[in-house]
Amino acid sequence: AIMLGIILSISLYARCYLLRQTKEKQLAKYEYVEGDIVWDSRSTLIYPSICACAGLAAGLFGIGGGIIKGPLMLAMGVHPSVVSATSACMILFTSFTATTSYM
């Protein structure tokens with residue numbers, strides 16, 4: 001229960017941070033380039049929820065979370081090379097978590 005509270009607290013902080021950054025960019029008339037993500041109140045709830053479900057499926061069924069997160073990032077409009085690099089980086093964290101769980 002404590003771990004869930006910590007995760008939800010960090011998620012809420014990240015959501016507030018993303019919304020604040022997006023608002024500051026809009027006020028500064030920041031010009032987004034291809035592949036930039038424009039966060040709004042809907043996307044800061046939907047995308048993390050889908051990623052949490054992907055993580056749950058990865059843990060329960062042994063499938064890679066990248067199977068779900070890669071296409072999700074493409075649907076968000078992220079540049080394909082960034083999606084590929086991010087998926088490769090996620091493997092590091094997945095491997096680290098699996099290793100520490102067996103120690």
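Predicted model: local features only at pLDDT ≥ 70, side-chain atom pairs only at ≥ 80, totals over all residues.
The structure holds 2 aromatic pairs. Tryptophan 39 and tyrosine 47 also form a pair, in which the ring centres are 6.3 Å apart and the planes stand at 75°, so that this pair, too, is edge-to-face.

As a whole, the protein chain comes to 4 helices and 0 strands, and its pattern, read along the sequence, is α-α-α-α. The C-alpha trace spans about 50 × 35 × 20 Å along its principal axes. Of the 103 residues in the protein chain, 13% are buried. The chain exposes about 7800 Å², and 70% of this area is supplied by carbon and sulfur atoms. When contacts between residues at least 6 apart in sequence are considered, 32% of them join residues that are at least 24 apart.

Helix H1 covers residues 2-27, and isoleucine 6 has its place in this helix. Isoleucine 6 has a relative accessible area of 42%, a value between the limits of 20% and 50%, and is therefore described as partly exposed. Together with Ile2, Met3, Ile7 and Ile10, Ile6 makes a nonpolar surface patch of about 540 Å². Serine 11 is also found in helix H1 and, at 40% relative accessibility, counts as partly exposed. Between the C-alpha atoms of serine 11 and isoleucine 63, which are 52 residues apart along the chain, there is a separation of 24 Å.

The loop between helix H1 and helix H2, the latter formed by residues 43-61, contains lysine 29. Although lysine 29 is not a glycine, its phi is positive, at about 55°. With a relative accessibility of 70%, which is over the 50% limit, lysine 29 counts as exposed.

Threonine 44, which lies in helix H2, counts as buried because its relative accessibility is 5%, the limit for buried residues being under 20%. When neighbours within four places in sequence are left aside, the residues in contact with threonine 44 are Arg15, Leu18, Leu19 and Trp39.

In helix H3, which comprises residues 66-76, the residues Gly70, Leu72, Met73 and Met76 are buried. Viewed down the axis of H3, these buried residues fall within an arc of 165°, and they therefore line one face of the helix. The cover over the buried residues of H3 includes H2 and helix H4, the latter formed by residues 80-101. On the face of H3 that is turned away from the buried side, the exposed residues Ile67 and Ala75 are found. After H3 comes glycine 77, which has a positive phi, near 95°.

Definitions and conventions:
Residues numbered from 1 in each chain as written. Heavy atoms only, no water. Helix = DSSP H or I, 4+ residues; strand = E, 2+ residues; numbered from the N terminus. Buried < 20%, exposed > 50% of the residue type's maximum accessible area, 1.4 Å probe, protein only. Patch = residues over 30% accessible without salt bridge, like charges linked within 9 Å, V, L, I, M, F, W, Y side chains within 5 Å. Areas by Shrake-Rupley, 256 points an atom, 1.4 Å probe, with all protein chains shown as cover. Salt bridge = Lys/Arg side-chain N within 4 Å of Asp/Glu carboxyl O. Arc of directions from axis to C-beta. Contact = heavy atoms within 4.5 Å. Phe/Tyr/Trp six-rings, centres within 6.5 Å; stacked < 30°, edge-to-face > 60°.
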